[in-house]
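Work through the exercises below with the sequence and the model at hand. Each task is followed by a stepwise solution.

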Amino acid sequence: MIANFIEGLTKYQFLQNALFTSIVIGVVSGVIGCFIILRGMSLMGDAISHAVLPGVAVSYIVGVNYFIGATVFGLFAAVMIGLVTQHSKLKSDTAIGIVFSSFFAAGIIAISFAKSSTDLYHILFGNVLAVTQSDMIITVVIAIIVVLFVIVFYKELLVSSFDPVMSQAYGLRTQVIHYALMLLLTLVAVSALQTVGTILVVAMLITPAATAYLLSNRLSVMILIASTIGVISSVVGLFLSYSYNLASGAAIVLTTTIFFIIAFLFSPKQNLLIKRRKAIK
C-alpha cells in the first residue's frame with residue numbers, strides 16, 4: 001500500500017501538489033493554532049472557518065477566486081464579533097455563536113444560487129487531491145506571511161498571549177495584535193479550505209496545538225511540536241485518503257485526533273494513567 005502511494009507520487013502531479021500543500025497547511029496550522037489555544041480563542045477559529053463559507057459561494061457566483069471572497073467575509077465576521085462584544089453586554093462566546101451561525105446559514109443559502117455545487121461541496125468537506133497550482137501558490141504565500149509575522153513579532157505575541165495586562169502596561173498595542181492574529185487566522189482558514197474544508201478546518205487549527213500544549217511548557221517547543229504533528233497528520237491523512245478512497249479532510253483530522261488521545265493519556269502534564277493507577281492503589 002505504501003509502495004503504491006510512493007509510486008503514485010512519482011507519476012501524478014496532482015498527488016505531488018496535494019502532498020506539498022498538505023505539509024504546508026500542517027506547518028502553518030500548527031504555528032497559528034498555538035496562539036489561538038493560548039489566547040483562549042478556539043471559538044473564534046471555529047467562527048471564522050464557518051464565516052468564510054458565504055464568501056466562497058459569492059466568489060463562485062461572481063466568478064472571482066474564492067480566496068478573495070472568503071478572506072473578506074472572514075475578516076468581516078471577526079470585526080462583527082468585536083463590535084458586538086465591545087458595544088453590548090453580551091460575552092464574546094455569545095457574540096461568536098450569533099455571528100458564525102448567521103454567516104454559515106447565509107453561506108448555505110448562497111450555495112443554492114451557485115452554479116457548481118460539487119466544487120462547493122469540496123469546500124465544505126475538503127478534497128486535497130483536487131488542489132490546483134494556484135491553490136498551492138496561495139497556500140505557500142500565506143504560510144510565508146504567517147511564519148514571518150510570528151518570527152518578527154514573537155516577543156510581542158508571547159507577552160500578550162500569556163499576560164495581556166502586563167503587555168498593556170508595557171505599552172503594547174494589544175488590540176492591534178489581536179486583529180493581526182484575526183487576519184492571519186482568516187488567511188490560514190481560507191488556505192486550508194481545499195485540504196480539510198470549512199467544517200473541519202478548526203480541528204486542524206486546534207487539535208495539533210492542543211496536543212503540543214500537553215507535551216510542552218515552552219512556546220517555541222510547543223510551536224515546533226504542533227507543526228510536526230500537523231505535517232505528520234497531513235501526510236498520513238493524505239495516504240489514507242489516496243489508498244482507501246476516503247474523504248481527505250476527515251482522514252487528516254482523525255489522524256490529529258489520534259495524536260491528541262495519545263498525548264492526553266501519556267503526556268507528563270496529564271499523567272492520566274499514572275493517576276488512575278494511584279487511585280486504584
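**Exercise 1.** State which helix holds Thr 186, whether Thr 186 is buried or exposed, and which residues Thr 186 contacts.

Solution. Thr 186 is part of helix α10 (helices are DSSP runs of H or I, at least four residues, numbered from the N terminus). The model is predicted: local features need pLDDT of at least 70, side-chain atom pairs count only at pLDDT 80 or more, and totals for chains, interfaces and linings use all residues. Residues are numbered from 1 along each chain as its sequence is written, and side-chain values use heavy atoms, with hydrogens and water left out. The relative accessible area of Thr 186 is 0%, so Thr 186 is buried (under 20% relative accessible area, 1.4 Å probe, protein chains only). Neighbours within four places in sequence aside, Thr 186 contacts Ile 48, Ala 70, Thr 71, Gly 74 and Leu 75 (heavy atoms within 4.5 Å).

**Exercise 2.** Describe how α7 packs against α10.

Solution. Helix α7 covers residues 133-152 and helix α10 residues 174-191; their axes are 10 Å apart, at an angle of about 155°. The two helices are therefore roughly antiparallel (over 145 degrees). From α7, Thr 139, Ile 142, Ile 145, Val 146 and Phe 149 meet Ala 180, Leu 184, Leu 187, Val 188 and Ser 191 of α10. By class, the residues of this contact are 8 nonpolar, 2 polar and no charged.

Definitions and conventions. Axes fitted to C-alpha atoms, helices over the stretch in contact; angles between N-to-C directions. Parallel < 35°, antiparallel > 145°, perpendicular 65-115°, else oblique. Nonpolar A, V, L, I, M, F, W, Y, C, P; charged D, E, K, R; others polar. Buried < 20%, exposed > 50% of the residue type's maximum accessible area, 1.4 Å probe, protein only.
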